[in-house]
Amino acid sequence: MKKIISFFTAAVLLMSAILLTGCSGDSKSTEFSRGSVDENVYTSTYANIKFTKPASWVYSTDEEISKLMNISIDMFTSDDFAKEAAKLQSITDMLATDPKTYNNISVIYENLKLSNNTDISTDEYEKKSIQMLKSQFTDDIEIDVAESTDTELGSENYRRISLTTKAYGMEMQQFMYFRKVGDYMCSITVTITDDTEISEIEAMFS
């Protein structure tokens, strides 16, 4: 069981790692602001995201996320975090996990100014993202990438990349949605380890 947990955790982190590239899209000048969690609902006014998790899922706490980002909890929860965010390469805003199946979803932003990728095209983003992801795994891990599609989450349009990963006798589905918001690239990554349909996860957005 520990090996399974480690594998799925690593997969989420690797998907986050591909945020070292950017993409083009609609832009706005609004200053970055963190989302908030109220019981089962995560809301980001900055990216116009509203996600309602199943009752059995668990949101990571600010303390847990700040450790993942390797920053202090005081900085992460500060009223001046918007200013500090401009100095960070990437920001994890939300992570929710099903403790029984390890299905999970994350919302991460990359600072496109710091990565000098504000003008990268969508095609270039997809290509570099997939190449980087595949380069992180060994030959024992098989990754199949389906054609990308345009998908609506809530009221916003995203480009979705679908992947199937096979390793250690297990198989999981991963879906990455991305959209440019101001000077940041918003990436929503979903990892599914059981027979849950992606449409069920997408329906949790409103």
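Visitor: Let me get the ring rule down: rings of Phe, Tyr and Trp (its six-membered ring) pair if their centres lie within 6.5 Å, and planes under 30 degrees apart count as stacked, over 60 as edge-to-face and the rest as tilted. Which residues form one aromatic cluster here?

Guide: Phe 32, Tyr 46, Tyr 109 and Tyr 184 make up one aromatic cluster. Bear in mind that this is a predicted model, where local features need pLDDT of at least 70, side-chain atom pairs count only at pLDDT 80 or more, and totals for chains, interfaces and linings use all residues. Residues are numbered from 1 along each chain as its sequence is written, and side-chain values use heavy atoms, with hydrogens and water left out.

Visitor: Is Tyr 46 buried or exposed?

Guide: Tyr 46 is buried, at 2% relative accessible area, and Tyr 184 is buried too, at 7%. Buried means under 20% relative accessible area, exposed over 50%, and partly exposed in between (1.4 Å probe, protein chains only).

Visitor: And why is the pair of Tyr 109 and Tyr 184 edge-to-face?

Guide: Their ring centres are 6.5 Å apart and the planes stand at 90°, so the pair counts as edge-to-face. Tyr 109 is in strand S6 and Tyr 184 in strand S11, 75 residues apart. Tyr 109 is buried, with 0% relative accessibility.

Visitor: Switching to charges: how many salt bridges are there?

Guide: The structure has eight, each being a side-chain nitrogen of Lys or Arg within 4 Å of a carboxyl oxygen of Asp or Glu. Among them is Asp 93 with Arg 34, at 3.7 Å from N to O. Asp 93 lies in strand S5 (residues 90-97) and Arg 34 in the loop between helix H1 (2-17) and strand S1 (36-38), so the bridge connects parts 59 residues apart in sequence.

Visitor: What else does Arg 34 do?

Guide: Arg 34 is in a salt-bridge network with Asp 62 and Asp 93. Arg 34 also lies over the face of Phe 76, 3.7 Å from the ring centre; a charge sits over a ring if NZ of Lys or CZ of Arg is within 6 Å of the ring centre and within 35 degrees of the ring normal. Asp 93 is buried at 5%, whereas Arg 34 is partly exposed at 22%.

Visitor: Which residue forms a salt bridge with Asp 183?

Guide: Lys 113 does, with the closest N and O atoms 3.5 Å apart. Lys 113 is exposed at 54% relative accessible area, and Asp 183 is partly exposed at 33%.

Visitor: Last one: how many helices and strands does the protein chain have?

Guide: The chain has six helices and 11 strands. Of its 206 residues, 47% are buried.

How values were computed
Helix = DSSP H or I, 4+ residues; strand = E, 2+ residues; numbered from the N terminus.
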